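Please read them with the structure open.

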Amino acid sequence: MRIALAQTNPLVGDLSGNAKRLLEACLKISHQTQGTPPALVVSPELSLWGYPPRDLLLSPEHLQQQSEALTQLQQGLRHALPQTALLVGMVEPAPDQQHPRLFNAAALVEANHWRVVARKQLLPTYDVFDESRYFRPADQPSVLSFEADGQDWRLGLTICEDLWVEDALQAQRLMGPDPVENLILEDVDLLLNLSASPYGRSKASIRHQLAARAAQRLDCPVIYVNQVGGNDELVFDGGSFVVAATGEVELQLPSCREAIAYWNSTHRSAGLPANTTDSSESADHEQLFQALVLGVRDYADKCGFQRALLGLSGGIDSALVAVIATAALGADRVQALLMPSPWSSIGSIDDAEALSKRLGISTTTVPIQGLMHGFEATLTPALDQAPSGVTAENLQSRIRGTLLMAVANQQGQLLLSTGNKSELAVGYCTLYGDMNGGLAVIGDLYKSTVFSLCRWLDSPDAMGCRKKLGLLEHDDLIGLEILNKPPSAELRPDQQDSDSLPDYATLDPLLKDLIEKHSSGAQLIAAGHDAADVKRIEQLFRRAEFKRRQAPPVLKVSQQAFGTGWRLPIASR
């Protein structure tokens, strides 16, 4: 049997547009195979809706649009590819009025009709997932009898989480049935998995291992098709593949871009073992960088922004965001605002200007000293003294935030926030100041990760990636001046981050345990963290929750980000 994998990038809620994309993928596959169309095209989970559709699933209008989109697919196949069937991710209304009223399902679309052929059994309701809000779990496995080239095939059908059933391979196994085990007695010839699995560091390797284990348990190949693209704060990295019954990878699609590929059950490559996924530090950095670039590009394009704006300080955070934005949108679509104060070092101004020239992005310099004096004169009577201390420092940040928002509003630009995860964690950021923006690009990167990623960008290992993304292929992008500069907000004379925070080599491991492991103070101290640091950082962390609640969407690239999967109360003890 000839099967095609369609790794598509949907726009959430655009059912007609997503149907058109799926038809275009089918036609492209047919052309690539020189007029020999595949018997079946497999697309990702909820490929007709885009994942996650969230409360659009509650919209009767969208459910009606789904019916129209399925008819659109059926008619398109009848006209152009009558011998090809399409397996598409969709939702199925339940036959009664009880809540939840939908199934996360898959439909087989053919030239003359379409029908629901699979329902998802394991519904994730952890981290960013909230499927039990909308869907019912299926109570039995899904097997499709499918005829291709005169042969009858038994296809086992699973949807995303249904494959995540190996305690030894994953951090948390969802309570419920084992959809793979339930297919053993069904004697399937092939297992298909329609997925919408967001990017996570080392996650590609885990997917391979899960599929390889399922292939060995069922003694059949596994086809895994994953969504690609950025949808709000989630980035889906694609990386679809086929593994043989032995667990060897027979076909591998690229990460972080749309792709289609063709697999023939009778002409199969030798493949590579599933555990040979490149796990080097350089490969990890490249995957992370590509995911961030994809997240920015799709957020801007899908929200209708033609250009992006950021504040460029000469520090490492804004430098990295500038590089990501340039790679995502192109230098002609990125503008930077330089807003020096009396406390900005000459080096920082020079470094920001030099970086903008290396990237080829336009800049405008707007000194803020006059505005600082104006705020001081206006506030002094109300305060009975001039603003001082943290109040004066925050005013500088808020002046810059106001300028950035004004320029972005006037010019219709997407303002990119440049704060990192370490700052968000301890509240080392200013509401209505440097937190302003429509997207927090590196808000899920600890400061130490920012440095590590920037060092990689300036290394020979990154040159291939830089070339693919249209960045400067020679010399440094970030530059030693920025890399070697002690971190500082430059809001007062000779200020450094280390004045009020532990060194990031000490701080970030503590924060990672606190955020990703939810460790208590006692557990942090038992793990070897300094007791005084734990007490101070834990207090800063708890007090900053109200800031995080008001932050722009944060591109999620870690196990636990400050976003829809972070649900701590603000008023708590």
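1. A336 first. This is a predicted model. In it, A336 touches L309, L310, L312, I361, S362, T363 and T364, leaving out residues up to four places away in sequence. A336 sits in strand β18. Its relative accessible area is 0%, under the 20% limit, so A336 counts as buried. L312 is 24 residues away along the chain, yet the C-alpha atoms of A336 and L312 are separated by 5.8 Å.

2. Where does β18 stand in its sheet? The order is β19-β18-β17-β20-β21, an open sheet of five strands with parallel pairing. β19 (362-365) and β21 (439-440) are the edge strands, and each of these pairs on one side only. β17 and β18 run parallel and are joined by four bridges. Within that pairing, G311 stands opposite L337 in β18.

3. Helix α6 on the sheet. α6 lies across β17, β18 and β20. It runs at about 170 degrees to β17.

4. The main core. The largest nonpolar core has 55 residues. F289, L320, I324, L416, V441 and L445 have the most contacts inside it. Elements that each supply at least two of its residues include α5 (281-302), β17 (308-311), α6 (316-329), β18 (334-338), α7 (346-359) and β20 (414-417). In general, nonpolar side chains of soluble globular proteins tend to be buried together.

5. F289 and S282. Neighbours within four places in sequence are left aside here. F289 is in contact with V323, I324, A327, L453, W456, L457, C465, L469 and L471. S282 lies in helix α5, and its contacts are W456 and D461. Is S282 buried or exposed? Its relative accessible area is 19%, and the limit for buried is under 20%, so S282 counts as buried.

6. Helix α7. The length checks out. At 1.5 Å a residue, its 14 residues should span 20 Å, and the end C-alpha atoms are 20 Å apart, which agrees. Its buried residues are S348, D351, A352, L355, S356 and L359. These cover an arc of only 130 degrees around the axis, so they are on the same side of α7. On the other side, I346 and K357 are exposed. The cover over the buried residues of α7 includes α6, β18, β19 and α13. G360 follows the helix, with a positive phi near 80 degrees.

7. Helix α16. The 13 residues of α16 (residues 531-543) should span 18 Å at 1.5 Å a residue, and its end C-alpha atoms are 18 Å apart. D533, V534, I537 and F541 are its buried residues. An α-helix has 3.6 residues a turn, so residues three or four places apart point the same way. The face turned away from the buried side carries the exposed residues A532, K535 and R543. α10 (421-426), α14, α15 and α17 (545-549) are included in what covers the buried residues of α16.

8. The β11-β12 hairpin. Strand β11 (residues 228-231) and strand β12 (residues 234-237) pair in the antiparallel sense over four bridges. They form a hairpin with two residues between them. D232 is in the turn, and its phi is positive, about 55 degrees. V228 and G230 point one way from β11, G229 and N231 the other way, and all are buried. The bridge partner of G230 in β12 is V235.

9. K517. This residue is in the loop between α14 (504-516) and α15 (521-526). Its relative accessible area is 60%, over the 50% limit, so K517 counts as exposed. The C-alpha atoms of K517 and A196 are separated by 25 Å, and these residues are 321 apart along the chain.

Note on methods: Residues are numbered from 1 along each chain as its sequence is written. This is a predicted model: local features need pLDDT of at least 70, side-chain atom pairs count only at pLDDT 80 or more; totals for chains, interfaces and linings use all residues. Side-chain values use heavy atoms; hydrogens and water are left out. A nonpolar core is a set of buried Ala, Val, Leu, Ile, Met, Phe, Trp, Tyr and Cys residues joined through side-chain atoms within 4.5 Å. Buried means under 20% relative accessible area, exposed over 50%, partly exposed in between (1.4 Å probe, protein chains only). Contact means heavy atoms within 4.5 Å. Two strands pair if DSSP finds at least two bridges between them. Axes are lines fitted to C-alpha atoms, for helices over the stretch in contact, and angles run from 0 to 180 degrees between N-to-C directions. The expected span of a helix is 1.5 Å times one less than its number of residues. The arc is that of the directions from the helix axis to the C-beta atoms.
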